[in-house]
Every structure is written in structure tokens, then in C-alpha cells.
Amino acid sequence: EKDLQSKHLLHDKTCLITAGPTYEAIDPVRFIGNHSSGKMGAALALEIAQQGARVILIMGPSAVKVEHHLIKRIDVQSAQQMYDAVHEKIAQVDLAIFSAAVADYRPVNPAGQKIKKKSDTLQIELVKNPDILASVGDLKNKPFLVGFALETENELEHAFAKAEKKNTDLLVLNSMRDKGAGFGVDTNKISIIDREKNVFDFETKPKSEVAKDIVHEIIQRVL
Ligand code: CTP
Ligand code: CA
């Protein structure tokens, strides 16, 4: 076990983190989004910075403030912008954590002008967004990779499949079965799955403490 009390264990590392939701434009004033607050990603960024690493935080629209001299924040809106920002930086990082709640689909043709109210029904055609985490998992020179998974049924089975498909070193499974977990709350309940399919279960706790547990598991494996 590495001694986490001695700070700056990650002083020679650079870490990329995606966080928050993405917004997919329908027209100039409307979008498809989700309720991700960006709090989990912000807590991870702070914890990693406190361990001495430089952090590149690529964040979708979020009101969360993150202040630390080692954190460089890059604000993006859409999944495509997040994808582009990640691939611009990924070659220079040792470790990457994908906590963003990326929209799976975006409108095919966002309207150039505000859509006017006309017929009783409205159809918006959607197309799949690129999978940012999977695209990094496919790189030949990939950093140590941490993904997240949110499942509502067959949690472990789905999580194992996700870890394999996206080539993650660690996968953090967010449990929705617990009331203190998920979007908009300050606590979370997680399990962490490694490459050998070992599962580590944690209690419900504040997101800042959850970040410490995740970073602890990372440090055991990257140092
Ligand atoms: N992810 C990503 N890019 C996407 C979709 C997801 O980088 N376009 C990342 C998330 O940040 C997370 C992981 O992939 O780390 C799993 O996201 P999740 O939504 O649970 O999985 P999906 O592959 O999108 O599958 P589904 O939503 O159908 O369960
Ligand atoms: Ca998804």
C-alpha cells in the first residue's frame, strides 16, 4: 500500500479529466442535455491536483467552481467539442479520467434559426455522438484509463462489458439503487472494477471522499 498521507505522490504526472454534461444544439436557443452537475469531476480534479499532478479539466456546461493553480480548465459545450479538446491534449497526459455525462445522440441538423411553433408534433432526428472514452481506449499509446458507468439493471454484468469494450484500467460504477447517489446530490455510492474484474465496493459518502477513494485506487496502480 502506498502511503497516501505523504502528499504530492503524483507530482510528475499530468491528468486529463472530462466532467459535466454536454449540450447538443437543437437550434440557436435550445439543446438536448442532462442533469450532470460536474461535481464528481471537480472533486476528482481537486484531489488529483492536491496529489501534485497537473490537471487538464475538460468541462461541459457547469456552474461548479474549481480553483487550484495546478488545474487548467477548458470549457466546452457539445460532445464533438469535448472529443476535439480531449484529442488535442491526450498525447501529453499519463492518466485520463472520463467522468463526463456525454450525450449519446445529437440533432442531425441543428436549425439555423429558432424553430417556430407550428404543427402539433415535432420530430428531431438524432445521430450517435463519438464515444470519447472508447476512442482513447483504442489509441496505441494510451494513458492509464479510468471510465465511469451508470447502470439501472444488471449493474455488474453491464459494467464488466463496458470496461472491456472501452479498454479501461479502472471502471467506476455509480450505483443508482442508493438514494444518496447520482445526479444533483453531494454524495455518491460506487464500486470500482479493475482489469482482472476484481470489484471493490464503497459506502455512500460525500463526493470529495469518493474522489479520495478513486484516487487511492489509481495511485496503487500508476506509481
Ligand atoms: N463516454 C464518452 N463518450 C460518449 C459516451 C460515454 O466518453 N459519447 C464515457 C463516459 O464519460 C463514461 C463511460 O463512457 O466514462 C460510460 O458512459 P455510459 O453513458 O455509462 O456508457 P455508454 O457507452 O454511453 O452506454 P449506455 O449509455 O448505453 O449505457
Ligand atoms: Ca451513455
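Which helices and strands each supply at least two residues of the lining of the largest pocket? The points below start there.

1. The model is a predicted one. In it, two strands, β1 (14–19) and β9 (144–151), each give at least two residues to the lining of the largest pocket. Each of the helices α1 (39–50), α3 (132–137) and α4 (155–166) also supplies at least two.

2. The volume of this largest pocket is about 1,100 Å³. Its lining is made up of 39 residues, and those closest to the centre of the pocket are Ala100, Ala101, Val102, Asp104 and Phe148. Sorted by class, the lining has 17 nonpolar residues, 14 polar ones and eight charged ones.

3. Asp104, one of the residues closest to the centre of the largest pocket, sits in the loop that runs between β6 (95–98) and β7 (105–107). What are the protein donors of the calcium ion (ligand 2)? Both entries name Asp104 (OD), and they lie 2.5 Å from the ion.

4. Asp104 also has a contact with the other ligand: one of its polar side-chain atoms is 3.1 Å from an oxygen atom of ligand 1. Lys162 places a polar side-chain atom 2.7 Å from an oxygen atom of ligand 1. At Pro130 the backbone is involved, with a polar atom there lying 2.8 Å from a nitrogen atom of ligand 1. On its own, ligand 1 has 570 Å² of accessible area, of which the protein covers 76%.

5. How many residues surround ligand 1? There are 14, and the closest are Phe98, Ala100, Pro130, Lys162 and Lys166. Ala100 is also listed among the residues closest to the centre of the largest pocket.

6. The second largest pocket holds about 190 Å³ of space. Its lining includes Ile115, Lys116, Lys117, Lys118 and Ser119, along with Thr121, Leu122 and Ile124. Ile26 and Arg30 line this pocket as well. By class, four of the lining residues are nonpolar, two are polar and four are charged.

Conventions
Residues are numbered from 1 along each chain as its sequence is written. Chains are lettered from A and ligands numbered from 1 in the order in which they are written. This is a predicted model: local features need pLDDT of at least 70, side-chain atom pairs count only at pLDDT 80 or more; totals for chains, interfaces and linings use all residues. Side-chain values use heavy atoms; hydrogens and water are left out. On a 1 Å grid over the protein atoms alone, a cavity is a set of points where a 1.4 Å probe fits but cannot get out, and a pocket is an open set with protein on both sides within 12 Å along at least five of seven lines; lining residues have an atom within 4 Å of a point. Grid points are joined across faces, edges and corners, and a volume is the space filled by probe spheres set on the points. Helices (H or I, at least four residues) and strands (E, at least two) are DSSP runs, numbered from the N terminus. Ala, Val, Leu, Ile, Met, Phe, Trp, Tyr, Cys and Pro count as nonpolar, Asp, Glu, Lys and Arg as charged, and the others, Gly among them, as polar. Donors are N, O and S atoms within 2.8 Å of the metal (3.2 Å for Na, K and Ca); water is not among the atoms, so sites may look incomplete. A residue is near a molecule or strand if one of its heavy atoms lies within 4 Å of it. A polar contact is a pair of N or O atoms within 3.5 Å; within protein, one must be able to donate a hydrogen and the other to accept it, and residues adjacent in sequence count only if both atoms are side-chain atoms. Accessible areas come from the Shrake-Rupley method with a 1.4 Å probe; for residues, only the protein chains shown count as cover.
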